[in-house]
Amino acid sequence: MALFRLSRGPLYRPFEWLRCCVAAAPRSIGFSTDANTGPFFEKNRRLGRPLSPHLTIYKWELNMNMSLFHRIAGTGLSLSIAGLSASYLFVRDWASVVSFFQGLHLPHWYVIVPGKFLVAWILTFHSINGMRHLVWDLGKGFSKPVMKVTAYSVACLSALLAAFFASY
C-alpha cells in the first residue's frame, strides 16, 4: 500500500508543478506585429488615453539629474579602472610614460588642476551619492525637502572635497 501512495505522490512526478504552471500560463497576450495595433492599443484609443510620454515632456528636477550623474560617474569610474588595468598589462616601462607626460610641459593651472579636479569630483560625487543611496536603502530620507537638501549637500560636499584633493 505504501508503494502505491508513493507512485502517485510528488516523488513519482517531480515536475508536476511545472506542468501546472505551463497550463495556467496565458496562451496569447494579444499583441500584434504592428506597433500600434492589437487589443491593448484599441482599448487605449477607445478610452482616449494618450501614448506613453517621452522624456522631453518631463521637467528635469534635481534628483533626476543626480541619478543621471551618479550612473555616468559610476560608468566613468568602471571604464577608467578597466583602462588602467589594461594599461598595466601592456605598459612595461612606467618611467617612460611619466617622462612623456612631463615632457609635454602642460600648463599647471589650465590643464593639470582641472584634470585632477574632474577625476576627484567623479570619485567623491559617486562615493557620497552612494552613501545617500545606502541611507535610502534603510528607508529614510524620502520626503521631498530631505531629498532636495541631501542632493544639494552631495553636490556641494563633493565639489569641496574635489577642490581639496585637486589642490595637492
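This is a predicted model: local features need pLDDT of at least 70, side-chain atom pairs count only at pLDDT 80 or more; totals for chains, interfaces and linings use all residues.
Residues are numbered from 1 along each chain as its sequence is written, and side-chain values use heavy atoms, with hydrogens and water left out.

**Entry 1: α4 and α6.** I took helices as DSSP runs (H or I, at least four residues), numbered from the N terminus. α4 and α6 pack at about 125 degrees with axes 9 Å apart (lines fitted to C-alpha atoms over the stretch in contact, angles from 0 to 180 degrees between N-to-C directions). They are therefore oblique to each other. For contacts (heavy atoms within 4.5 Å), I found Met66, Phe69 and Ala73 among the α4 residues, and Phe125 and His133 among those of α6.

**Entry 2: α4 and α7.** Here the axes come within 10 Å and cross at roughly 45 degrees. That makes this pair oblique too. From α4, Leu62, Asn63 and Met66 meet α7 residues including Met147, Ala151 and Val154.

**Entry 3: the core.** Which residues make up the largest nonpolar core? I list six: Met66, Ala73, Phe125, Ile128, Ala151 and Val154. A core here is a set of buried Ala, Val, Leu, Ile, Met, Phe, Trp, Tyr and Cys residues joined through side-chain atoms within 4.5 Å, buried being under 20% relative accessible area with a 1.4 Å probe, protein chains only. Ile128 also touches Val154, Leu157, Ser158 and Leu161, leaving aside residues up to four places away in sequence.

Key:
Buried means under 20% relative accessible area, exposed over 50%, partly exposed in between (1.4 Å probe, protein chains only). Helices (H or I, at least four residues) and strands (E, at least two) are DSSP runs, numbered from the N terminus. Angles under 35 degrees count as roughly parallel, over 145 as roughly antiparallel, 65 to 115 as roughly perpendicular and the rest as oblique.
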